[in-house]
There are 2 protein chains.
Amino acid sequence: MTPPKAATLHDVAREAGVSLITASRALSNPGVVSAKTIAKVQAAVDATGYIPNLLAGGLKSKRSLMVAGVVPALAVSQFLPTVQSLTNELSAAGYQLLLGQTNYDPDVEASVLNTMIGRQPDGIVITGLVQSEAARDKLRRSRIPVVETWDLSDQPIDKLVGFSHQKVGNALGEYFLKKGWTHIGIASGSDHRARMRRDGFIAALGREVPTAFVSPPSNLERGRRALADLLALEPRLDAVCCSSDQLAHGVMVEAQARGLRIPQDLAICGFGNADFSAHMVPSITTVHVDGPDIGRLAARLIIDQCRGAPIAESIIDVGFRIVERESTAG
Amino acid sequence: MTPPKAATLHDVAREAGVSLITASRALSNPGVVSAKTIAKVQAAVDATGYIPNLLAGGLKSKRSLMVAGVVPALAVSQFLPTVQSLTNELSAAGYQLLLGQTNYDPDVEASVLNTMIGRQPDGIVITGLVQSEAARDKLRRSRIPVVETWDLSDQPIDKLVGFSHQKVGNALGEYFLKKGWTHIGIASGSDHRARMRRDGFIAALGREVPTAFVSPPSNLERGRRALADLLALEPRLDAVCCSSDQLAHGVMVEAQARGLRIPQDLAICGFGNADFSAHMVPSITTVHVDGPDIGRLAARLIIDQCRGAPIAESIIDVGFRIVERESTAG
DNA sequence: CTGTTAGCGCCTTCAC
DNA sequence: GTGAAGGCGCTAACAG
C-alpha cells in the first residue's frame with residue numbers, strides 16, 4: 001500500500017491534470033492561480049501525500065528558509081530564552097533553525113560556521129561576537145545576513161542585538177560601592193563576556209577584587225565551591241558578585257550551610273534573572289536582560305532583510321537593568 | 001576585493017586545472033584521486049574560499065547530512081542534556097541538527113514534522129511519542145529513520161530510546177509506601193509523560209492522591225504555588241512527589257518559608273536529577289535518567305542506519321533509578 | 001491565468 | 001585515475 005517512492009511535484013501535476021509549474025504556483029504563490037486550479041492541485045496533494053522537497057526549492061530559489069543559530073552550549077541556560085523565542089519567531093515566518101554548538105572552542109566555532117555557510121541559510125544568528133578574524137571574513141564574504149547577539153561592538157560583522165557587558169560591570173560596581181561593602185569578592189565564569197563584566201566591575205571599584213573563576217558550566221555546585229574558595233582568600237568577605245544566577249544560588253546555599261545570614265553577613269548578586277531568582281528565600285538580586293527580545297529582534301532583522309524590507313538600525317542595544325531583591329537589601 | 005559571487009565547484013576545478021568531477025571527488029572521496037591532484041584542488045579551494053553547497057549535494061546524493069530534532073519546548077530543561085549530546089554526537093559525524101518546537105500542541109507538532117520531512121533530513125529524533133496517527137503515518141511513509149525518545153511503547157513509528165514512565169511512577173509509589181508516609185501529595189506537570197508517572201504512582205499506592213497540576217513550564221514559582229495548593233487540600237501533608245526537580249525545589253522553598261523541616265515535617269522527591277539537586281541543602285531525592293545517553297543512542301541509531309551498519313535493536317530501554325538523598329532520608 | 005524552457009550546484013552512472 | 005553526460009526536484013524568466 002505504501003508507495004515505493006515519495007510523490008514529487010511531477011506526480012501531483014499529473015494527478016491534477018495541470019503542468020508542473022502551475023502545480024508549483026498553486027502551492028507557493030496561490031495569488032496568481034485560479035481558485036479552481038488550486039482546488040484541483042490541493043486534491044492531488046492530498047491524494048498523493050505530497051510533501052515539497054525544500055532542498056530542491058532552496059537550490060533554485062536561493063531561499064533555503066533556514067536560519068543557523070550558534071550557541072556556546074545549549075545547557076548555558078542564559079541563552080535558552082533567546083533560542084526559544086528565536087525558534088518560535090522564525091517558525092511563525094516559515095523558517096527553521098539549524099542549531100550549532102561551539103563548546104566555547106574557537107576552532108569548533110570556525111568549523112561549525114563553515115558548515116553552516118555551506119547549508120546556505122538565509123541568516124546566521126550567533127551568541128557573542130565571532131572572535132577569529134578568518135571566520136569573520138568568511139562570514140562577510142558569504143553575503144549571508146549575520147546577527148551577533150548578547151554583546152556589543154561598533155564593528156559587528158553585519159548586524160548586532162546585544163548590550164555592553166562592560167557597562168553591566170560598571171553599574172554593578174557602582175551599586176556595590178554605594179552599598180558600602182568593604183570586602184567584596186567575585187565568582188565569575190571564565191568566558192569572555194563574564195570577564196568583560198568583571199573588568200567593568202573592577203574599573204568602577206577602582207581596586208582589584210578577589211576572584212574565583214569557574215569553568216563552564218556555571219552551576220550550583222561550582223557556586224558553592226567558589227564561595228569556599230573566596231572565603232579562604234578573604235575570611236571577612238561581606239559581598240559577592242556572581243556572573244550568573246546559578247552561581248549566585250550556589251553561593252547562597254554554601255553561605256547558608258555555613259550559618260551566614262543573607263544579606264546581613266553576606267550580600268549576593270547574580271546575573272541573568274533566571275526564572276527561580278525572584279522566588280527564592282531570600283530572593284536574589286540580579287541583572288535583568290531581555291533574552292526573548294534578543295531572539296525576537298534577531299529573527300526580525302533577518303526576516304525583514306530577506307523580504308527586502310528596510311532595516312531601521314543594524315546595531316540594537318537592548319540594555320539591561322539591575323533588579324534589587326532581598327539578597328542585597330538593606 | 002570581495003568576489004561578486006561565492007565560488008562554486010566549477011571555479012575550483014578551473015583554478016586547479018582539472019575537471020569538475022575530479023574536484024568533487026578530491027573533496028568528498030579522496031581515496032580514488034591521486035595525491036597530487038588532491039593537493040592542487042586543495043590549493044584552489046583555499047585560493048577561491050570555496051565552501052561546498054550542501055543543499056545541492058544533498059539534492060543529488062539523497063543524503064542531506066541533517067537530522068531533525070523536535071522538542072516540546074527548549075526551556076524544558078529535562079531534555080537539554082539530551083539535545084546537547086545529540087547535537088555533539090551528530091556534529092562529530094558531520095551531521096547538523098535542525099530544531100523544532102511543538103509547544104506541547106499536537107497541531108503544531110504535525111505541522112513542524114511536515115516541514116521537517118520536506119527538508120529531507122537523514123533522520124528525525126522526537127521527544128516523546130508522536131500522538132497523531134496522521135503524523136505517524138506520514139513519518140512512516142517518508143521512509144526517514146525516526147527515533148522516538150523519553151518514552152516507551154511496543155509500537156514505535158520506527159526506533160525508540162526511552163524508558164517507562166509508568167514504571168517510574170510504580171517505583172516511586174512503592175518507595176513512598178515503604179517509607180510509611182500517610183498524607184501524600186503530588187505536584188505534577190500536565191503533560192502526557194508526567195501524567196503517566198502519576199498514574200503509575202497511584203496504582204502502586206492503591207488509592208487516589210491529592211494532586212496539584214502545573215501547566216508548563218514547571219519552575220520554582222509554580223512549585224511553591226503547588227505546595228500551597230496541596231496544603232490547602234490536605235493540611236496534614238507529610239510527603240510530596242514532584243514531576244520535576246524544579247518543582248521539587250519550589251516545594252522545598254515554600255516549605256522552608258512556612259517553617260517546615262525537611263524531611264521531618266515534609267519529605268520531597270523530584271524527577272530528572274537536575275544538576276543542582278545533589279548540592280542543595282538538603283539535597284533532593286530524585287529519579288535519575290541518563291539524558292545525554294538518550295541523545296547519544298538516538299544519534300547512533302540514525303548514523304548507523306545511514307551508513308548501512310546493522311542495527312542491533314531498535315527499541316532501547318535506558319531505564320532509570322531512584323536516587324535517595326536527604327529530602328526523603330530517615 | 002497557464003505553459004515552456006532552462007537551469008540552481010552537485011553527484012551518480014557510465015565511459016575512457 | 002580521470003572525464004563527459006545527465007538529472008536530483010524545484011522554480012525564475014519569459015512566452016502565450
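Predicted model: local features only at pLDDT ≥ 70, side-chain atom pairs only at ≥ 80, totals over all residues.
A polar contact here is a pair of N or O atoms within 3.5 Å; within protein, one must be able to donate a hydrogen and the other to accept it, and residues adjacent in sequence count only if both atoms are side-chain atoms. As for bookkeeping, residues are numbered from 1 along each chain as its sequence is written, chains are lettered from A and ligands numbered from 1 in the order in which they are written, and side-chain values use heavy atoms, with hydrogens and water left out.

Let's stay with DNA strand C. There are 25 residues around it, and Thr22(A), Thr37(A), Leu9(B), Ser24(B) and Tyr50(B) come nearest; a residue counts as near a molecule or strand if one of its heavy atoms lies within 4 Å of it. Sugar and phosphate make up 61% of the atoms of DNA strand C that come within 4 Å of the protein.

Helices (H or I, at least four residues) and strands (E, at least two) are DSSP runs, numbered from the N terminus. Helix 4 of chain B gives the largest share, five residues. By class, the surface near DNA strand C has 12 nonpolar, nine polar and four charged residues, where Ala, Val, Leu, Ile, Met, Phe, Trp, Tyr, Cys and Pro count as nonpolar, Asp, Glu, Lys and Arg as charged, and the others, Gly among them, as polar.

Now over to DNA strand D. Of the 26 residues around DNA strand D, the nearest are Leu9(A), Tyr50(A), Thr22(B), Arg25(B) and Thr37(B). Sugar and phosphate account for 61% of the atoms of DNA strand D that come within 4 Å of the protein. A polar side-chain atom of Ser24(A) lies 2.6 Å from a phosphate oxygen of DNA strand D. Arg25(B) reaches a base: an N or O atom in its side chain is 2.6 Å from a base nitrogen of DNA strand D. Lys62(B) goes to the sugar or linking oxygens instead, with a polar side-chain atom 3.1 Å from one of them. The surface near DNA strand D divides into 11 nonpolar, eight polar and seven charged residues.

What about the two protein chains? Their contact (heavy atoms within 4.5 Å) takes 52 residues from chain A and 52 residues from chain B. Together they bury about 5000 Å², 62% of it on carbon and sulfur atoms; buried area is the accessible area (1.4 Å probe) that two parts lose on being put together, summed over both. The interface has 20 residue pairs in polar contact, both at pLDDT 80 or more. The side of chain A that touches chain B has 26 nonpolar, 19 polar and seven charged residues. Strand 2 of chain A and strand 2 (residues 96-101) of chain B pair in the antiparallel sense over three bridges, pairing being called when DSSP finds at least two bridges between two strands. In this arrangement Leu98(A) stands opposite Leu98(B).

How many salt bridges lie between chain A and chain B? The count is zero, with a salt bridge taken as a side-chain nitrogen of Lys or Arg within 4 Å of a carboxyl oxygen of Asp or Glu. Over all chains, the whole structure has 27. One of the salt bridges joins Glu148(A) and Arg136(A), at 3.3 Å from N to O. Glu148(A) is in strand 4 (residues 146-149) of chain A and Arg136(A) in helix 7 of chain A, so the pair ties together parts 12 residues apart in sequence.

Most residues other than glycine have a negative phi, and most peptide bonds are trans. Trp150(A), however, has a positive phi near 60°, in the loop between strand 4 and strand 5 (159-162) of chain A. In chain B, a cis peptide bond joins Ile262(B) and Pro263(B), with omega about 5°, and another joins Val281(B) and Pro282(B), with omega about 0°.
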